[in-house]
Amino acid sequence: MGDSPVAAGPRPRVLVVDDEPNIVNLVRMSLRFHGFDVVTAASGGEALRAVAATRPDLIVLDVMLPDTDGFEVCRRLRARPDTDVPVIFLTARHGPADKVTGLTYGGDDYVTKPFSVDELVARVRAVLRRAHRGAPGPAHVLTIGDVVLDEDTHAVTRAGVPLDLSPTEFKLLRYLLINPRRVLSRAQILDAVWTYDFSGGDTVVDQYVSYLRRKLAAHGPPLITTHRGFGYMLAPPDRSA
């Protein structure tokens, strides 16, 4: 019980607007896995038509589009009296002036490239909650055995003892928790926890699994098992053995 990240009921619809197919595919697959209905557009014009046709609950909107920029798309949406859909800007621009511009045009959040898809999903959930449109998932708390992870507060405990995790360790544990009892390859973990254009090798996965395994094992029996040649799995210990 509680192992799946997808809850019953209507699936919030997210419109992903970007002209880079690899980014669109990555974001679409991740959002669908987490229980969202996803539609896509590759330009500002397509985005405006898609909003009218599909009535999304949220838009992930790239700033640099082939026909216009995302700021102008957001401005046009905010000019429509019947459209109050939340917008998360997705952009390679890092300057504070760009963030101010995005928020001035009516954006609700701003994620810069390169980004972690796990972080983007968390931002989508948070903006939907603020907009009172709901988001899939059970109370934003993930558990397995005596491990509890709160997605809102980023607090993690084992057997009631708080764990001091780095941001990467937190993201790694969260990904393992939403895929319990499933062997995950290094490539899968790398894609989910690190940014999509991370250039380091997959040995970083082994390193952080070791860090996390050590912190979890300090307060109970081992939870992360290694499946040689395949990857890693998180599961509570088999008490019948």
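**Helix packing and salt bridges in the predicted model**

Helix α2 (residues 44-54) packs against helix α3 (residues 70-78) at an angle of about 30 degrees, and the two axes sit 10 Å apart. Helices here are DSSP runs of H or I with at least four residues, strands are E runs of at least two, and both are numbered from the N terminus. Axes are lines fitted to C-alpha atoms, for helices over the stretch in contact, with angles running from 0 to 180 degrees between N-to-C directions. This is a predicted model, in which local features need pLDDT of at least 70 and side-chain atom pairs count only at pLDDT 80 or more, while totals for chains, interfaces and linings use all residues. Residues are numbered from 1 along each chain as its sequence is written, and side-chain values use heavy atoms, with hydrogens and water left out.

Given that angle, α2 and α3 are roughly parallel to each other (under 35 degrees is roughly parallel, over 145 roughly antiparallel, 65 to 115 roughly perpendicular, and the rest oblique). The crossing of α2 past α3 is right-handed, a label used when the near helix is turned clockwise from the far one by less than a right angle, with anticlockwise giving left-handed. On the α2 side the contact (heavy atoms within 4.5 Å) is made by Gly44, Ala47, Leu48 and Val51, and on the α3 side by Val73, Arg76 and Leu77. Sorted by class, these residues come out as five nonpolar, one polar and one charged. In this scheme Ala, Val, Leu, Ile, Met, Phe, Trp, Tyr, Cys and Pro count as nonpolar, Asp, Glu, Lys and Arg as charged, and the others, Gly among them, as polar.

Next come α6 and α7. Helix α6 (residues 167-177) and helix α7 (residues 186-193) have axes that come within 10 Å and cross at roughly 125 degrees, so α6 and α7 are oblique to each other. Their crossing is right-handed. Here Thr168, Lys171, Leu172 and Tyr175 of α6 meet Gln188, Ile189, Ala192 and Val193 of α7. That contact holds five nonpolar, two polar and one charged residues.

Turning to charge pairs, the count comes to 13 salt bridges, each a side-chain nitrogen of Lys or Arg within 4 Å of a carboxyl oxygen of Asp or Glu. One of them joins the side chains of Asp37 and Arg13, at 2.8 Å from N to O. This pair links distant parts of the chain, with Asp37 in strand β2 (residues 37-41) and Arg13 in strand β1 (residues 13-17), 24 residues apart. Asp37 is partly exposed at 24% relative accessibility, and Arg13 is partly exposed too, at 29% (buried means under 20% relative accessible area, exposed over 50%, partly exposed in between, with a 1.4 Å probe and protein chains only).

A salt bridge also pairs Asp109 with Arg123, at 3.0 Å from N to O. Asp109 lies in strand β5 (residues 109-112) and Arg123 in helix α5 (residues 117-130), so this bridge ties together parts 14 residues apart in sequence. Asp109 is buried, at 17%, whereas Arg123 is partly exposed, at 25%.

Helix α6 turns up again in the bridge between Lys215 and Glu169 (2.7 Å, N to O): Lys215 sits in helix α8 (residues 203-217) and Glu169 in α6, so parts 46 residues apart in sequence are tied together. Lys215 is partly exposed, at 29%, while Glu169 is buried, at 5%. Finally, a network of salt bridges links Asp18, Glu20, Asp62 and Lys113.
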